Amino acid sequence: MNRNLIIGLILSAIAILAALMSFIWTPFDHVAMNIPAKLQTPNLTHWFGTDHFGRDIFSMIMVGARTSIAVAFVAVGIGMGLGIPLGLWAAARKGSYIDELIMRANDLIFAFPSLVIAILITAIFGAGAVNAIIAIGIFNIPVFARVVRGAAMPIWEREFILAARVAGKNAARISVEHILPNVLNLLIVQATIQFSLGILAEAALSYVGLGAQPPTPSWGRMLADAQTLVSIAPHLALIPGFAIIITVMGLNLMGDGLRDYLNPRTRVART
Amino acid sequence: MKHFVSRLALASALSVAGFAAHAANTDITVAMQLEPPHLDPTSAAAGAIDSVLYSNVFEGLTRFMGDGSVVAGLAKSWDISDDGLVYTFILHDNVLFHDGSTMDAEDVQFSLNRARADDSTNAQKALFAGITDVSALDAATVVVTLDAPNGNFLFNLAWGDAIIVAPESIDGIKQAPIGTGAFKFANWVQGDKIELTRNDAYWGTPAVLENVTFKFISDPTAAFASVMAEDVDAFVGFPAPENLPQFEADPRFQVLVGSTEGETILSTNNKMPPFDNVKVREALAHAIDRQAIVDGAMFGYGTPIGTHFAPHNPAYVDLTGSSAYDPELAKKLLAEAGFADGFETTLHLPPPSYARRGGEIIAAQLAQVGIKVQITNVEWAQWLETVFRGKDFGLTIVSHTEPMDIGIYANPEYYFQYDNPAFQELMTNLNATTDPEARTALMGDAQRMISSDFVNGYLFQLAQLSVAKAGVQGLWTNAPTQATDLTAVSWAD
Amino acid sequence: MIRYTLKRFLSLCISLAVASLLIFFVIEIAPGDPASFMLGINAQPDTVAALRAELGLDIPKLERYLAWTQGMLTGDFGMSYTYRTPVSQMVADRLWVSLPLALFALALSTLIALPAGIYAAARRGQTGDVAVMSATQLGVAIPNFWFAMMLVLIFAIKLRWFAGGGFAGWDKGLGAVMWSLTLPAISLALPQAAILARVMRSALLDVMNEDFMRTARAKGLTTTQTLWKHGLRNALIPVLTIIGLQFSFLLAGGIIIEQVFYLPGLGRLVFQAISARDLIVVESVVMLLVFAVIVVNFAVDLAYAAVDPRLRART
């Protein structure tokens, strides 16, 4: 285990535990309003203070972690679910029209300005967590397709694949049984990175009002709500901001750490 | 032309720099949230167009004053026939358009006929619906004939949609508006600002200010920063009420709190079960704590209302008591209506913060009586399509900013679909009545009728909030119409 | 090489055609009608119909698509529904804000990132490296709109060194323009700088493992000297590629930043156009951005192919 991995695991664990914990317990009901008690700074009752409706920010941050993680997780799932098969397929048919088609389609999606398109999708099909997931998920597909294809191609040249072919296995079966396990490490690293990007994207979409809808708390929307109050009650912007930063940083560090940990070459190089 | 415009821009830039050195100020930068899509008040509903141009650049036969009264504009005087059908307007002499051409009866005829034509794109075409003929008797006399008496006609002519334009300059109006007002259009940097300069050939009292810049700042944080950093001299329609105490505490600024014509209501789909049941609507009304909404969403700015009428109007009846906050009563009413366990419905919220924040509070309040509300934030375009035109909604929050618009309840096709023949008859009577006292009585009846039918949840009258530097004087406090009339604005010494 | 170029060019044309189809038809199904939006809630149906006719919205979709694509080939992007000015002119106006902002942000991020990356690579594994790498971790994790909020709070509202936003306008001179773009450029540059520093560092480390670097060191040069003399040039290729990609991202990626600082740029234009359902503006701007990226990719591919003949055979 290296330092990045340990710090990353700890930071991500904070967010994930907060999210899981929120299912059973939060200090207050995260939707309960108490307008006379609004805009309190952090204190013993409300550990992170209260927002403009007098809601408990600590509870909202906990439930917000759930929203962020759920959106990013499913978006990465979409990216992997579609991207990996496409990448495997393209690698198996390297140089064929299928490969060309998949890779050109990839380039095409990459060419679209992702944030603009995500805003467009949610504007067209309605704001909400599900559409935010789709908007973020679409841009994850080419990432995984490209990574898998790139990693799978050299493996196809290896001898044990030839052996599998001689044994009569078809390309699909070889892809699943032999290629996939060999690119798994790379995928885990990439998934961690996409996961952190997904959390940032969800925050941006929610910030412009297109993510999860109220009363479901979301870190991005908490920041949007804090916009006009930041000069009176800076903690409204600081706390969700730190929550995002800690989670994203944790995931990124974990990704870096995992890459070093899973890649024997760099592991040797490091030690 | 382009060359000319850019030289003008340069000239105004130089003068800004020049005045920074002296302190005597005849320039002002006024910020507002929304930018006009184009500059023709007669072919769009966007309030931002009027906010920039009404009274400043364009004028109509009559006009609104800051207190909401309607006075003579380009028409010096008028005469109404005894049957109330024929209006004869006498126009001011020596009124020039900014391009130097004379404003005369033919321009009035052109403007009114253009607004009511078959292919008219006037957003308030209904204002002109009763006109059967417009004729120019001579250069200074216009005769307008109506098909029925209309107590609101002079009021209607004061709207920004009824301003007088010239046929010669109409083609360019969307980019380079030519009006008769005390300010001339100078320059528009799209996405950023519009500049006006003083019209030295103005027919009436000339403006004090020489150069006016309207800046468009939609983001509330940016709005706050722009005022605090003194990048702008005034912000009309300030989007964040929570920031006003800070400006009030700061001697550099003054805060203007007035009223708009916007009745902010929890619009209810009267045709959609269970809202077709009046008991359910009554329960809804009692489940809502207006004061909490005003405090929570508007930080205390706004007057609670109990019907669809502006509290500053002399004919207003305070009916807030008949729908007082009483969650127990609400629960009881729901049980009587057969919804002891509550029900689920949708709440569509358009972008303004009164709707987004008010909606969150209302959802929490309705949850207390067992009504589960699913919030959907929508943009205006979407709101118009699904809620307003498609009538596919349970609840929505919107501020009806048109002045004197209780008549919308007489239209059963209107999106909240209130269909009451008695009310429709009442409105027909009101339109045909010109006697002020009788009108007041009828308006009172109308207010009571929609209130006791609990057509919509009546929340509060939207406040008009503006911030200006301490030295700015003469700004409108209220917003009887969408306008930022700068013709009487000046700097204190 | 000619065969390869032709093939790539053909695929570029197909990509553009597919992109235009996608953009047009996905955007056209958006609920909401520009004419209704313009005329508001009191508009009568015949008025809306009149405006639709005036805007050409009553023409069938396919015909409008063909007219739009044909127009684009000649540089005519049509007329904005709400502003009623040519889209090409609007885009050109907005580019005078977005382009300098993107360039400013790119310059900032490059100026910070390259020295930081080189420094970290030279001090690999030491405290300096760890510090730089931790800083970049923080940099990529900070949402730029949050960072922008904090910059406004501190430097515009509290300290009042900068304006809270807005664009000075070119008539005020380059200095004023740069001053008004400083905070937005910093907010945009921060995450980009962090990414770029990481790329720079790892590109250098990769190069350092190459044989010619070992030779150089064997000749008695110090690590830092080898880095400067030989490493940098070879590491620049991946760095330049990333810079190229970042530029196109910055051009459109400022959408939220332009909102926070109320800058009249391309991103804000798209944002406004989406909410006003000014579809032709949205379509044209998105198409332009896609076009820019596709053409840049095409140029990069050709450049790589010219350098490395093996690549030609691959595709």
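1. A salt bridge here is a side-chain nitrogen of Lys or Arg within 4 Å of a carboxyl oxygen of Asp or Glu. By that rule, the interface of chain A and chain B holds one salt bridge. The model is predicted.

2. That bridge pairs B:Glu360 with A:Arg55. Their closest N and O atoms are 2.7 Å apart. Polar contacts across chain A and chain B come to seven residue pairs, both members at pLDDT 80 or more. The side of chain A that touches chain B comprises nine nonpolar, seven polar and four charged residues.

3. On extent: 20 residues of chain A and 21 residues of chain B make up this contact. The two chains bury about 1,800 Å² between them. Carbon and sulfur atoms account for 54% of that area.

4. Now chain B and chain C. Here 51 residues of chain B touch 43 residues of chain C. The buried area is about 3,900 Å², with 54% from carbon and sulfur atoms.

5. Four salt bridges cross the interface of chain B and chain C. One of them joins the side chains of B:Lys174 and C:Glu54, at 3.9 Å from N to O. This pair falls under the rule because the cut-off is 4 Å.

6. Which elements of chain B each supply at least two residues to the side that touches chain C? They are helix 1 (2-21), strand 10 (211-216), helix 5 (220-228) and helix 11 (380-389). Helix 11 gives the most, with eight residues. By class, this side of chain B has 23 nonpolar, 13 polar and 15 charged residues.

Terms used
Residues are numbered from 1 along each chain as its sequence is written. Chains are lettered from A and ligands numbered from 1 in the order in which they are written. This is a predicted model: local features need pLDDT of at least 70, side-chain atom pairs count only at pLDDT 80 or more; totals for chains, interfaces and linings use all residues. Side-chain values use heavy atoms; hydrogens and water are left out. Contact means heavy atoms within 4.5 Å. Buried area is the accessible area (1.4 Å probe) that two parts lose on being put together, summed over both. Helices (H or I, at least four residues) and strands (E, at least two) are DSSP runs, numbered from the N terminus. Ala, Val, Leu, Ile, Met, Phe, Trp, Tyr, Cys and Pro count as nonpolar, Asp, Glu, Lys and Arg as charged, and the others, Gly among them, as polar. A polar contact is a pair of N or O atoms within 3.5 Å; within protein, one must be able to donate a hydrogen and the other to accept it, and residues adjacent in sequence count only if both atoms are side-chain atoms.
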